2 protein chains.
Amino acid sequence: MDYKAFVEEQIAGIRETVGDQTAINALSGGVDSSVVTVLGHRALGDRLKTVFIDNALMREGEPQQVVELFADMCIPVELVDARADFLGALAGLTDPEQKRNAVTSTFYRKVFGELVRKTGARFLLHGTILTDIEESVAGIKRQHNILAQLGIDPEKEYGYRVLEPLATLRKDGVREVARVLGLPCKVAERIPFPGPALATRIVGEVTDERVATVRAATAIVEEEFGSSGAFQYMAVLLEDRATGIRDGRREFGQIIVVRSIHSVDAREATPVEVPWDQLHRICRRITDIPGVNRCLYDLTPKPPATIEYV
Amino acid sequence: MDYKAFVEEQIAGIRETVGDQTAINALSGGVDSSVVTVLGHRALGDRLKTVFIDNALMREGEPQQVVELFADMCIPVELVDARADFLGALAGLTDPEQKRNAVTSTFYRKVFGELVRKTGARFLLHGTILTDIEESVAGIKRQHNILAQLGIDPEKEYGYRVLEPLATLRKDGVREVARVLGLPCKVAERIPFPGPALATRIVGEVTDERVATVRAATAIVEEEFGSSGAFQYMAVLLEDRATGIRDGRREFGQIIVVRSIHSVDAREATPVEVPWDQLHRICRRITDIPGVNRCLYDLTPKPPATIEYV
């Protein structure tokens, strides 16, 4: 595939569709939304408004890092603090579908919807990729970002039209486009990170405290596997607890699962054979997080497991 | 330590204490209770009645295998079917302490208590070992078998006196005694298996169906690690579920944790570095169990984890 031609076509297409109106997009910092941001900015310049919505579910320092990274590329990104909205919507929910729906709904109907109305933007650029569409259609997982495929008309419901310039690509294609666009390699090669963010890494209720626990574990796992070449790696906080001993006393502690996978396009995945020395070290670091006394490694390929837990 | 002398002392001690009265013991098939059964039988002959209580929580075919093994040593063992009693007592319980207490209480107060009354036995031989006592005293875990240390007077409460001939030994010492007694090596070297049996391998509620799931996983793990030389290995069924894909459809499936540890005496433990080929095979076999779509390997040493989960 000629990715240079693809980039030119998409830029021209966005420009033609949007005309002299304005567009908005939400940047998460992942490769998909980063590529869309750059494509949109090249097509529309400052008629594209890009926001980063802090949903309380991001990784350590992530909102600031993403804003700075795009500032370096002369693309202004507005940081929107919506932490209380998302945590409020997630309170008390434990079912994976309900949790994903709470994040989707808070994002589209509340936080982003208000921004769109305020800015008067008529177009939303979105980083949907082919795998998202396929999995949603197959009913495997409700993605947060494929409104049309779910029978939702965003123009009617939210007042804007969704453009999905990456809808024909898989993850590997998006990375190629990122390179063609000259995005920094830390963006082009960034591991996938889901829209509902750390909410997909928490089995059971999402609370501020539980996000803090999985955020600490995520920082360790990303530091350990950052140069491993794995397709994706993550830490997951389970709701189950297990008995343990700390300072000679019984402790009923939390469990973190570490998952690191090889994959080309997220359709299939196999677990990485991590060296044992590293696994032992990761376990020591993870069980130093207050309240955590077990660390498990996920051996399951996709299928039969999905990559995420929620 | 002179284990031959130890055996002679214990046999003489049991004989002297019991005198011309009768004793009873419950055999689980583990090395501790097996050694106590043989010691007691040598001391008392047919004045020791040995029962195997089927609590619905045993492994595949275990009750029959244990009875046959002791029949081969000319020690009669009565098989008592108490499955409904235990499953009834466990229904609805999810707290680890409550589950252990339900098993203890059903065992001592109901099933075994009735047997003792029926037989008129005044002495109970029990396979308590030093590690059980230490951990119960330290409050790390309530063991099922250390009544006196918990301030329970069994003579007053249940009408019998408990003899614990192995209370000064750890697991390695018990195995030496098993060899001195000429027990088959499959008993002497048998991996530890807890009194509350598969109930300690189920996080959340213990039901007939959930026992069947963890029993199937246990059979796979024991077959895979049977000749590994590991101190202990097990399969644990979590209560949490995770998303997966089966035959192209979404599935919210069950999670099995595989744990295999090196240890000398169960006081400390380190995870076994299982070859990756074997881990992948175990994962494939485990995720073939109906309803199971994740297989995790426990990386945690003891401390900070305990060996069991419940």
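Student: In the hairpin of S6(A) and S7(A), which residue takes a positive phi?

Tutor: A:Asp247 does, with a phi near 50°, in a hairpin that has two residues between the strands. Strands here are DSSP runs of E with at least two residues, helices are runs of H or I with at least four, and both are numbered from the N terminus. The model is predicted: local features need pLDDT of at least 70, side-chain atom pairs count only at pLDDT 80 or more, and totals for chains, interfaces and linings use all residues, while side-chain values use heavy atoms, without hydrogens and water. Residues are numbered from 1 along each chain as its sequence is written, and chains are lettered from A and ligands numbered from 1 in the order in which they are written.

Student: How many bridges join S6(A) to S7(A), and do they run parallel or antiparallel?

Tutor: Two strands pair if DSSP finds at least two bridges between them. S6(A), residues 232-246, and S7(A), residues 249-262, are antiparallel and joined by twelve bridges. One bridge pair is A:Ile245 with A:Arg250 of S7(A).

Student: Which partner of S7(A) runs parallel to it?

Tutor: S9(A) does, through five bridges. There, A:Gln254 is bridged to A:Val292. S7(A) also has two antiparallel bridges to S8(A), residues 270-271, where A:Ile261 is the partner of A:Pro271.

Student: How many residues of S7(A) are buried?

Tutor: Buried means under 20% relative accessible area with a 1.4 Å probe, protein chains only. Ten of the 14 residues of S7(A) are buried, so the strand is mostly covered.

Student: Which strand of chain A is joined to S9(B)?

Tutor: S9(A), residues 292-298, is joined to S9(B) by three bridges, and the two run antiparallel. A:Asp298 stands opposite B:Leu296 of S9(B).

Student: What area is buried between chain B and chain A?

Tutor: Buried area is the accessible area (1.4 Å probe) that two parts lose on being put together, summed over both. Here the value is about 4,200 Å², and carbon and sulfur atoms give 60% of it. On the chain B side, B:Ile245, B:Trp276 and B:Leu299 lose the most area to chain A, together 19% of what that side buries. Counted by contact (heavy atoms within 4.5 Å), 50 residues come from chain B and 50 from chain A.

Student: How many salt bridges are there between chain B and chain A?

Tutor: A salt bridge puts a side-chain nitrogen of Lys or Arg within 4 Å of a carboxyl oxygen of Asp or Glu. The count is four. In one of them, A:Glu97 meets B:Arg250 at 3.0 Å, N to O.

Definitions and conventions
Buried means under 20% relative accessible area, exposed over 50%, partly exposed in between (1.4 Å probe, protein chains only).
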